[in-house]
Amino acid sequence: MRLPLTAILFLSVWSAQAQSTNTPAKNDFQSFQIIAQRNIFDPNRSARGGRGEPRETSKPARTESFGLVGTMLYEKGKFAFFDGSSSDFRKIASPSDKIAGYTVTDIEQNAVKLETNGQSLQMTVGQQMKRADEGEWKLSATKETFETQSKSAPSTESSATASSSSGDDDAVVRRLMEKRAAEEKK
């Protein structure tokens with residue numbers, strides 16, 4: 001009879017140990033911290049290596065520009081056509097109109113004269129004025145189209161606003177220039 005008593009005793013000790021190992025562990029925040037650390041839905045999530053150190057984010061410089069697309073001189077007056085990076089710079093101006101803080105003082109066949117704060121400058125067809133981060137306007141030395149500008153640097157506006165240069169556009173420009181030359185001969 002001794003055997004069954006030791007078996008019962010052994011079974012009771014064994015079941016007590018099994019119950020102590022099967023009980024749930026104490027649930028505290030440390031147990032679930034990995035969920036907060038690796039939450040893929042967290043909008044403020046960053047790379048693991050950068051924790052604790054604030055990352056310097058540089059804001060890209062906002063560049064604004066406008067350029068003289070063309071001029072038109074006829075009996076109804078003188079007009080200058082501007083195109084730019086903002087709707088404020090896309091306009092048809094006549095003498096005494098303003099664009100980007102400059103006053104159009106004169107319009108010639110292939111150029112306009114602009115004035116601000118007593119300083120005047122001449123802008124020829126194809127040239128652009130540019131400024132970065134609300135800085136000072138600077139006249140670009142080279143003639144640049146808005147298409148080449150949009151290819152070299154991303155603009156703040158849609159690329160649909162940039163003019164395209166295709167064979168059809170060249171033909172239209174050529175016809176307009178021929179018509180203008182014929183009108184000047186009259």
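**Salt bridges and ring pairs**

Visitor: How many salt bridges does a search of the whole structure find?

Guide: This is a predicted model, in which local features need pLDDT of at least 70, side-chain atom pairs count only at pLDDT 80 or more, and totals for chains, interfaces and linings use all residues. Residues are numbered from 1 along each chain as its sequence is written, and side-chain values use heavy atoms, with hydrogens and water left out. A salt bridge is a side-chain nitrogen of Lys or Arg within 4 Å of a carboxyl oxygen of Asp or Glu. Across the whole structure, the number of salt bridges found is seven.

Visitor: Is Asp83, at 16% relative accessibility, buried or exposed?

Guide: Asp83 forms a salt bridge with Arg90, their closest N and O atoms being 3.3 Å apart. Buried means under 20% relative accessible area, exposed over 50%, and partly exposed in between (1.4 Å probe, protein chains only). Arg90, at 30%, counts as partly exposed. Because its relative accessibility is 16%, Asp83 counts as buried.

Visitor: What kind of aromatic pair do Phe66 and Phe82 form?

Guide: Rings of Phe, Tyr and Trp (its six-membered ring) pair if their centres lie within 6.5 Å; planes under 30 degrees apart count as stacked, over 60 as edge-to-face and the rest as tilted. The search finds five aromatic pairs in the whole structure. For Phe66 and Phe82, the centres are 5.9 Å apart and the planes stand at 65°, and the pair is edge-to-face.

Visitor: Which residues do ring pairs link into a cluster with Phe66 and Phe82?

Guide: The rings of Phe89 and Trp137 have centres 5.5 Å apart and planes at 90°, so this pair is also edge-to-face. The residues that ring pairs link with Phe66 and Phe82 are Phe89 and Trp137.
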